[in-house]
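Q: Please go through some of the labels used for this structure, and set each value against the definition behind the label.
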Amino acid sequence: MADESSGQEKSEAPTQRRLQEARKKGDVARSMEVPSAAVLLSGLITLYYTSDYMFDRMGRMLTHFLANLHTIEIVPANMAALTRESILTTALILGPVMGVILVMALIANYAQVGVLFTTEKITPNLEKINPIKGFSNIFSKQTLAIMVKSIAKLVIVGYVAYHEVEKALPGILPLMDQPPYQILAFMGRVAFWIFLKAALIIAVLAAIDYGFQRWQFMEKMKMTKQEIRDEAKQTEGDPHVKGRIRAIQMEMARRRMMAEVPKAHVVITNPTRLAIALRYDGLTMTAPTVVAKGAGVIAQRIKEIAAEHGIPLVENKPLAQALYKSVELDETIPANLFQTVAEVLAYVYSLKKKRA
């Protein structure tokens, strides 16, 4: 499978964004066989457990009309009441089966695609009525697969029906001496087993078809490496542009930090790799604050600025490492470093007094 526009092979799994866009258009992995199998199985099982109730209600309805033939007048004035009574009785008889079928159809569709509402599939599109494209679709792989599935179902269901009827043949002749109710019950049992076995086979075929439909959908949704990169640019931005913006932001932050170095009271060094500038004003601050810090080239620049402005440089490797790792810019030093920093500041103040 190759991408016609770029000639690249669609070898990459689809991204979540591509699947969501396809879902908005109504393109999802869905098998029509799953709802059919669910409806058929649930309808048969419900019919099996409610058959006594249905026969009882139908017997009552038939008895009611036959017993009251002499009183029921088929005239326009009575038609509305008779029709309403017949519809209500029929609804009570078929209600359980039809209700279960409706619920199972909804569940089967929901289990495949969830809640999905889109007008994309019903929007008028001239390409859908293109006779040339329509003629080519007749002989497409999709149409061939549907035809094969239909033939397979027909053959399997036909074989199951033939096998069940063949098994029931010895019991047909004795029915000649049985009352109509027994004949009807025998026919119902044979039909039930035919439909039940056919429904079970269709359920297996539906599971296989759903797996195939999902595989086919994921193959259709596959992307080329270029499409992955293009989507990443659209959703996350061009990495080159993002890198440039990040570099500019870091440079601006570095400049602001360097502008704070002349306001520091002392710079703690490693002595060559690290430099941390501290500022402390007893009137406005509760503890010394880190106004600048850096390693390597940045540390060297901090020391140069400090030297230009007469800021004392104090070498203390453990303190420099602790401040660099544990304190961010514009944060006060932790309590466990108060004593050490206080000693450094006392030393700095003593140097200033001697110079004065």
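A: Contact means heavy atoms within 4.5 Å. This is a predicted model, in which local features need pLDDT of at least 70, side-chain atom pairs count only at pLDDT 80 or more, and totals for chains, interfaces and linings use all residues. Residues are numbered from 1 along each chain as its sequence is written, and side-chain values use heavy atoms, with hydrogens and water left out.

Q: Which residues is Gln-112 in contact with, leaving aside its neighbours within four places in sequence?
A: Gln-112 is in contact with Ala-29, Arg-30, Ser-31, Val-34, Pro-35 and Tyr-210.

Q: Why is Gln-112 called buried?
A: Buried means under 20% relative accessible area, exposed over 50%, and partly exposed in between (1.4 Å probe, protein chains only); Gln-112 has a relative accessible area of 11%, and therefore counts as buried.

Q: Why is Val-148 called partly exposed?
A: The relative accessibility of Val-148 is 48%, so Val-148 counts as partly exposed.

Q: What makes strand 1 and strand 2 a pair?
A: Two strands pair if DSSP finds at least two bridges between them, and strands themselves are DSSP runs (E, at least two residues), numbered from the N terminus. Strand 1 and strand 2 (residues 274-279) have 4 bridges, in the antiparallel sense, and therefore meet that definition. Within this pairing, Ile-268 stands opposite Ile-276.
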